[in-house]
Amino acid sequence: MRRVKGTSAQKIEVEGMGPSDDTATHKPSPEPLLHALNQMGADAADAVYVGDAIVDMQAARAAGVRGIGVTWGAASAEELRAAEPTAVVHSVGELQTLLGL
């Protein structure tokens with residue numbers, strides 16, 4: 001498991017990861033997620049991507065990563081569900097429970 005730093009639900013940084021402009025394409029392309037997985041030496045099958053936008057869920061699906069939609073951002077719960085994520089959560093506590101934290 002990789003260490004994460006940050007206490008805000010809005011921004012959690014994974015140690016050792018560069019800025020999101022390290023790739024030529026952006027979400028919904030899977031390239032940024034695949035780049036991050038490569039940098040961490042992680043497999044898509046073992047990863048979870050948490051996002052608040054439809055493009056986040058699209059990128060996760062395209063990268064073969066489980067996507068978890070959070071409802072305190074860009075998209076509504078209904079919009080997130082339409083993108084077919086693994087789960088949709090409505091609070092940080094619910095996300096922590098789902099992730100076993």
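**Figure 1. Salt bridges in the predicted model.** A search of the whole structure finds 2 salt bridges, each defined as a side-chain nitrogen of Lys or Arg within 4 Å of a carboxyl oxygen of Asp or Glu. The model is predicted: local features need pLDDT of at least 70, side-chain atom pairs count only at pLDDT 80 or more, and totals for chains, interfaces and linings use all residues. Residues are numbered from 1 along each chain as its sequence is written, and side-chain values use heavy atoms, with hydrogens and water left out.

**Figure 2. The salt bridge of Asp56 and Lys27.** The two side chains meet at 2.5 Å, N to O. Asp56 lies in helix H2 and Lys27 in the loop between E2 and H1, so the pair ties together parts that are 29 residues apart in sequence. Helices (H or I, at least four residues) and strands (E, at least two) are DSSP runs, numbered from the N terminus. Asp56 is buried, at 4% relative accessible area; Lys27 is partly exposed, at 34%. Buried means under 20% relative accessible area, exposed over 50%, partly exposed in between (1.4 Å probe, protein chains only).

**Figure 3. Surroundings of Asp56.** Helix H2, which holds Asp56, spans residues 54–63. Beyond neighbours within four places in sequence, Asp56 contacts Lys27, Tyr49 and Gly51; contact means heavy atoms within 4.5 Å. The Asp56 side chain also reaches the backbone nitrogen of Asp52 at 3.0 Å.

**Figure 4. The salt bridge of Glu84 and Arg61.** The closest N and O atoms of Glu84 and Arg61 are 3.4 Å apart. This pair links distant parts of the chain, 23 residues apart: Glu84 sits in the loop between helix H3 (77–82) and strand E5 (87–89), Arg61 in helix H2. Glu84 is exposed, with a relative accessible area of 55%. Arg61 is partly exposed, at 49%.

**Figure 5. Polar contacts of Thr25.** Thr25 belongs to the loop between strand E2 (11–14) and helix H1 (31–40). Its relative accessible area is 33%, so Thr25 is partly exposed. The Thr25 side chain makes polar contacts with the side chains of Ser29, at 2.9 Å, and Glu31, at 2.5 Å. A polar contact is a pair of N or O atoms within 3.5 Å; within protein, one must be able to donate a hydrogen and the other to accept it, and residues adjacent in sequence count only if both atoms are side-chain atoms. Not counting residues up to four places away in sequence, Thr25 touches Glu31 and Pro32.
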